[in-house]
Amino acid sequence: MSGFEKGECTGAFFLDVQKAFDRVWIQGLIHKLCRYKTPPHLLQLLKSYLEERKFAVKIGNSISEAKIMRAGIPQGWKIFPVLYSLYVNDIPKTHKTLLGMYADDTAIIAKNKNHKYTKAALNQHLAKLDDWFLKWKIALNVNKTEAVYFAKGRRKHKPIVKIKNQTITWSQLAKYLGVILD
């Protein structure tokens, strides 16, 4: 990390989105596709596929009444990761942090020589994300969210950072996209 050589403190958050593809709010996705000016014929095709899906539960020989699915996009077709990316494309960004995303893996990074700046930048961005996640019905698994604080020497001033009013404990390492960062 470039901040490490410059003597900067870097706070990195690796957010865990709960059941990302299964929880996509279908009406929210369709709203966003309209905003992105998706061609009408493609929008109709996607709507007919996404809005008309039903499920039933079978236990033993009994089958429940079929219900319409209000959330979730199927997995297995190449277009569905693209739809998920379009759904989260408007995730809030700030000029004080870096945001990295690959499918449902999200990283937020702030760096500065002053640990108080790092703390403020991270908390500001996480507060914006809290509001955005609530609006678009995206659930975070706060217990699986990881945070790592990178600094030269032993920094005693690890900032207190919160998500959904829960203080996040700093770890010694985190795994992000198959890479272990420590």
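These legends describe close-up views of a predicted model.

Local features need pLDDT of at least 70, side-chain atom pairs count only at pLDDT 80 or more, and totals for chains, interfaces and linings use all residues. Residues are numbered from 1 along each chain as its sequence is written, and side-chain values use heavy atoms, with hydrogens and water left out.

**View 1. Helix α3 spans residues 40–51.** Helices (H or I, at least four residues) and strands (E, at least two) are DSSP runs, numbered from the N terminus. The end C-alpha atoms of α3 are 16 Å apart.

**View 2. The buried and exposed residues of α3.** Leu43, Leu46 and Leu50 are buried. They cover an arc of only 70° around the axis, which puts them on the same side of α3. The arc is that of the directions from the helix axis to the C-beta atoms. Pro40, His41 and Leu45 are exposed on the other side. Buried means under 20% relative accessible area, exposed over 50%, and partly exposed in between (1.4 Å probe, protein chains only). The cover over the buried residues includes α2 (26–35) and α4 (79–88).

**View 3. α3 packs against α4.** Their axes are 14 Å apart, at an angle of about 100°. The two helices are therefore roughly perpendicular. Axes are lines fitted to C-alpha atoms, for helices over the stretch in contact, and angles run from 0 to 180 degrees between N-to-C directions. Angles under 35 degrees count as roughly parallel, over 145 as roughly antiparallel, 65 to 115 as roughly perpendicular and the rest as oblique. Leu46, Tyr49 and Leu50 in α3 meet Ile79, Phe80 and Leu83 in α4. Contact means heavy atoms within 4.5 Å.

**View 4. α2 crosses α4.** The crossing is at roughly 80°, and the axes come within 9 Å. That makes α2 roughly perpendicular to α4. From α2, Gly28, Leu29, Lys32 and Leu33 make the contact. Leu83, Leu86 and Tyr87 take part from α4.

View 5. Lysine 19 is exposed, with a relative accessible area of 57%.

How values were computed: Expected span 1.5 Å × (residues − 1).
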